[in-house]
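Please read through the structure below with its sequence to hand. The paragraphs after it take up a few local features in turn.

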Amino acid sequence: MKKKLLATLIVAAIMVTALSGCAGKGSASGQSSSGAETTGGTVSEANDSNSAADEEPYEATLMYYVMDEAATGTQAVEDRFNELTMEALNMKVDLMPVTMGTYNQQIELMLSGGEDIDIFPLGTSRASQYVDAQYILDLSGYLDEYAPDALEIIGLDDIKCCSIGDFIWAFPVMMERTHATCFVLRKDILDELGIDVSGISSMDGMTEVFAKVKEAYPDMTVFGGQYNMTVPVQSMHVDTLGDRLGVLDNYAENTTVVNYFETDTYKHMIELTREWFEAGYISKDLATSQDTGEALMKAGNLFSYVCNSKPNTAEEKSEQVGYDVVVVHVNDLFLSTSGTAIAGYAVNAHAKDPAKAVQLYNWIISTKEANDLLNWGVEGVDWVEAEDGTATYPEGVDAQSVSYHQNFGYFQPNQQNGHVWTGTSPDVWEQYQTARDSAKVSSAYGFAFDSSPVINEVAALKAVRDQYEFTLASGSVDPATGIQEFNDALYEAGLQEVIDEKQRQLDEWLANQ
């Protein structure tokens, strides 16, 4: 593995400034669209024909998201992974697990420096930039021959969510497609204080809860987490059309592109957040914090944080943070292009053999043991199958002693073709499908904005957004003046031009539906 490379890049990151769509046909239940389970271990005939046994093994590097990149069992996971890939693909794979914080520091340096990397995580926030920089392989010409299993499992419409024009920049991961915003709260504190949150369905309802917790625990951070995980930033009542620089408001019930940062709902959220900040409920460093809510709650001094929810969020977060948690939803289920494309895996345009890199991803997404390895570790060592078919710790192993246990499936290629962890309903993937089927659907579902006609404006606007958005959303800036300053700067940087271009493209897309 690339431990020396990672160490070098961390040092480099200190020395330099890091540069800072889709009607889904793919099943949400871990099955192919034909209904056949993708339990894995095999590769399509098209892929087998490309892996001649007498060739030298192709050496690939897979960067993937984890909760713990220093897990002691990573080498054992890589060893078993390579046994599988050598047999199925004649490939050796260097696994490069990264946390989100490490990824943000390193990915730009690695791609711009031509580092040896084949597959890496990518979401909508960086896609346009990396396409323009020619870092990313256009997958559109590779799907039929090198990724037939991925094409069947995900569905072409969902894959096209990760596109700019005809350029497909990533495979979207098999996660929940609906992303309602929710608060994650420590259940022990709620129970102790006799707080009932079952009737809360909006951000406003959290104020009284926060006040009671603050009074009982004056030294505890009532709300915190990562700088970009706040309700004004994460709120899923709008179709962001990729970047929040021109959105469809109110669950995209109409197709008029507006400035999100001028809407009444945004203003109200910022004003409420400011109240929380001044009352001492919010972490003072929220605007710049790189620490996730999960990590801070696990450390013991955080009551709540925000995340995007799904049917098993409470069970998943409880396992991650070490406390039983309660989830309070403050948005309805909503399906948008951005929600599907929020997380994916791209192929490096400069990989030694891009076709083989695509073939590798196709194998991963269709192979059950591969997904279990990346998420839970080596079977029999880090986990075993329980009587109900879920995964659990082996006898004598627990959360503290396990050598590898990520529980980060929603950011890995295909958690739905892997084991569910014990404590979560074995039919959770069917629950995902039910949630998707019942969600509100954006009137622009499937539309992906091509920012190339206004690329300079978008770059300038993102700089403005980075300057203002997170400080406002953390409550650390007075909204009476901050919101107006933010919007003035946005329009000066060309927001109206971007809104007009989005509207033009959206109208054209709608006319062709």
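Tyr251 sits in the loop that runs between helix H11 (231–234) and helix H12 (264–278); helices here are DSSP runs of H or I with at least four residues, while strands are runs of E with at least two, and both are numbered from the N terminus. This is a predicted model, in which local features need pLDDT of at least 70 and side-chain atom pairs count only at pLDDT 80 or more, whereas totals for chains, interfaces and linings use all residues. Residues are numbered from 1 along each chain as its sequence is written, and side-chain values use heavy atoms, with hydrogens and water left out.

Tyr251 is not a glycine, yet its phi is positive, near 60 degrees. Its relative accessible area is 11%, so Tyr251 is buried (buried means under 20% relative accessible area, exposed over 50%, and partly exposed in between, with a 1.4 Å probe and protein chains only). Ala252 also belongs to the loop between H11 and H12. Phi of Ala252 is positive as well, at about 55 degrees, although this residue is not a glycine. With a relative accessible area of 2%, Ala252 is buried.

Next comes a helix pair. Helix H3 (residues 74–89) packs against helix H16 (residues 354–366) at an angle of about 115 degrees, and their axes are 12 Å apart. Axes are lines fitted to C-alpha atoms, for helices over the stretch in contact, and angles run from 0 to 180 degrees between N-to-C directions. On the H3 side, Phe81, Leu84, Thr85, Ala88 and Leu89 meet Gln359, Leu360, Trp363 and Ile364 of H16, where contact means heavy atoms within 4.5 Å. Of the residues in this contact of H3 with H16, 7 are nonpolar, 2 are polar and none is charged (Ala, Val, Leu, Ile, Met, Phe, Trp, Tyr, Cys and Pro count as nonpolar, Asp, Glu, Lys and Arg as charged, and the others, Gly among them, as polar). An α-helix has 3.6 residues a turn, so residues three or four places apart point the same way.

How much of H16 is buried? The count is 13 of its 13 residues, so H16 is largely enclosed by the rest of the structure.

Ser202 is partly exposed, with a relative accessible area of 29%. Leaving aside residues up to four places away in sequence, Ser202 touches His329 and Val330. The C-alpha atoms of Ser202 and Cys182 are separated by 9.2 Å, and these residues are 20 residues apart along the chain.
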